[in-house]
Amino acid sequence: MATRQSVFQPIPDRDEINARIAAMLPLVRENALAGERDRKIADEVIEAFKDTGIHLALQPRRYGGWEHGYETVIDVSSALGAACASTAWVCGLYMIHNWALTLFPEEFQDEIWSESRAVAISGSYAPAGTATAVDGGFRLSGRFRFSSGCPHADWNLCGASLPTASGDGTAPAFVLIPSSDYRIDWESWDNVGLAATGSYDVLVDDAFVPARRVLPFAAAMAGNAPGLPAHDNPIYRIPMLACVPYALAVPPVGAARGAIDLFVDQNRARQTRGAVIAGGNRVSDYQTVQKRVGEAEALVDSCLVVAYRDIAETQQEAAANGAVSLETRMRNRRSQSFMTHQAVAAIDLILAAAGGRSMQASHPIPRAWRDIHSAAAHISLNHDAVMSMIGQYRFGLEPHGQY
C-alpha cells in the first residue's frame, strides 16, 4: 500500500500543537454554557478542533496522521479541560479512537482511512450488544449507552458479545459501526455533569458487521491486536487500558486547574460584604482561602506529574520490549483513578470558598464541580473499584476488574 502523507503538513511539534489549542480556548469557553444546555458540544467548537488537525495526533503517518505519543493527549486534554471538561473529554476520545483503529485488521484500516483521513469515532465499551454469526461476519443489535461524542461522530466503537468460532459460547469484542447503521436516542442523555459530552445511547438494529470490523477484547487488552503488524511504532503495542483511560482522567484535572485559576482571578481584590463575618475585608487576605488555593494547586500538579511519568515509562517499555508488563498496567490503572480522585478533592476545596455569587448554575466553577464529580463516577475511574483491584494484585490475589 502506498504511503499516505498528512493533509496537515508539516507535522507540528508539541509546542505548535499547544499553541493551536491555546488559540481555540476562547471559543471553547464562550460555548461551554451552551454546550451544557444543549447536551452536546457546539458545532463550531468541533469544527475548530478539526481545523487544528489535532485529531490526527496519534493516527499513523501512513494514513495521514502525525504519530505523536500519548503525552500529546495529556497536553491537549488538560488545556481544553481548563476551559470545558466536556470538550476535553470528547476531543480526547476522538484522538484516542484514531489510535484504537490501528488495533483492527489492516484491511479495515485501509478501508476507513481511504475514505477519510479525519474520522471521528464515539464509543460505548460495555459488551451490551448481541450478535449472531452469519457468512462473513455478524448481525448486531443492541442499545449502546454513554456514547460520548456521538452527535458529531462518523462511527461508533461498540462493545458486544460475539459467538465464538467453536459455537459453544460468546466472547466480548469491539465492533465498529458507521453512523448510517445506527440511530441516536436523543432522550437518553440528561446528566448532571459532563452534559456537553453528548453521551447519548446509540441504537443498532440488525446491522451487518463484517469480520474485518471486529476486535476481540482480549487482544486489545493484551497488546497483541490483529492490526499491529502494519505498524512499527511501539505506541500501538500498548495495551488499551494502559493508555486509553487517561483521555478520561485528564479532563477533570484540567477542569480543576481552570477552576483554581478563575477563583484566584475573581478574588484577588474582591471584598466580602457579609453583615456577619468580617464585611469589607479582601477574600484573598484570609489564610484559610490561601491554604485552599495552595492545596488545590498541589493536588492538580501531582496528577499531571504522575500522568506524564506513566506515559513516558509506558512508551519506553513498549519500545524496549514490544510489550507492557502487568505491573505497569496496574500502576497506570491506579494512577488514572487516583488523578480523578485528586481532582474531586481540589474542586471541593475551591467550591467551598467560592461564595454565593459563584453558586449560579451558569457559573464555570460549579460547572467544573459537576463535571469532575461526574467523571469520578465513570466505572473505569471509580476509586473504590480500581483501588480494590490494585490491593488484590498487591496481595497476590486474583484482581477483579479491567486492566
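Biologist: How much space lies in the largest pocket?
Modeller: About 740 Å³. This is a predicted model, where local features need pLDDT of at least 70 and side-chain atom pairs 80 or more, while totals for linings, chains and interfaces use all residues. Residues are numbered from 1 along each chain, and side-chain values use heavy atoms, without hydrogens or water.

Biologist: What counts as a pocket?
Modeller: An open set of points on a 1 Å grid, where a 1.4 Å probe fits, with protein on both sides within 12 Å along at least five of seven lines. Lining residues have an atom within 4 Å of a point. The volume is the space filled by probe spheres set on the points.

Biologist: Which residues lie nearest the centre of the largest pocket?
Modeller: Tyr-125, Phe-146, His-378, Ile-379 and Ser-380, out of 34 lining residues.

Biologist: And which element gives the most to that lining?
Modeller: β1, with 6 residues. Strands are DSSP runs of E, at least two residues; helices are H or I, at least four.

Biologist: What about the second largest pocket?
Modeller: About 300 Å³ of space lies there. Among the residues closest to its centre are Arg-29 and Gly-258. α8 supplies the largest share of the lining, 7 residues.

Biologist: New topic. How do α3 and α9 cross?
Modeller: Their axes, lines fitted to C-alpha atoms over the stretch in contact, come within 9 Å and cross at roughly 160 degrees. That makes α3 roughly antiparallel to α9, a label for angles over 145.

Technical notes. Axes are lines fitted to C-alpha atoms, for helices over the stretch in contact, and angles run from 0 to 180 degrees between N-to-C directions. Angles under 35 degrees count as roughly parallel, over 145 as roughly antiparallel, 65 to 115 as roughly perpendicular and the rest as oblique.
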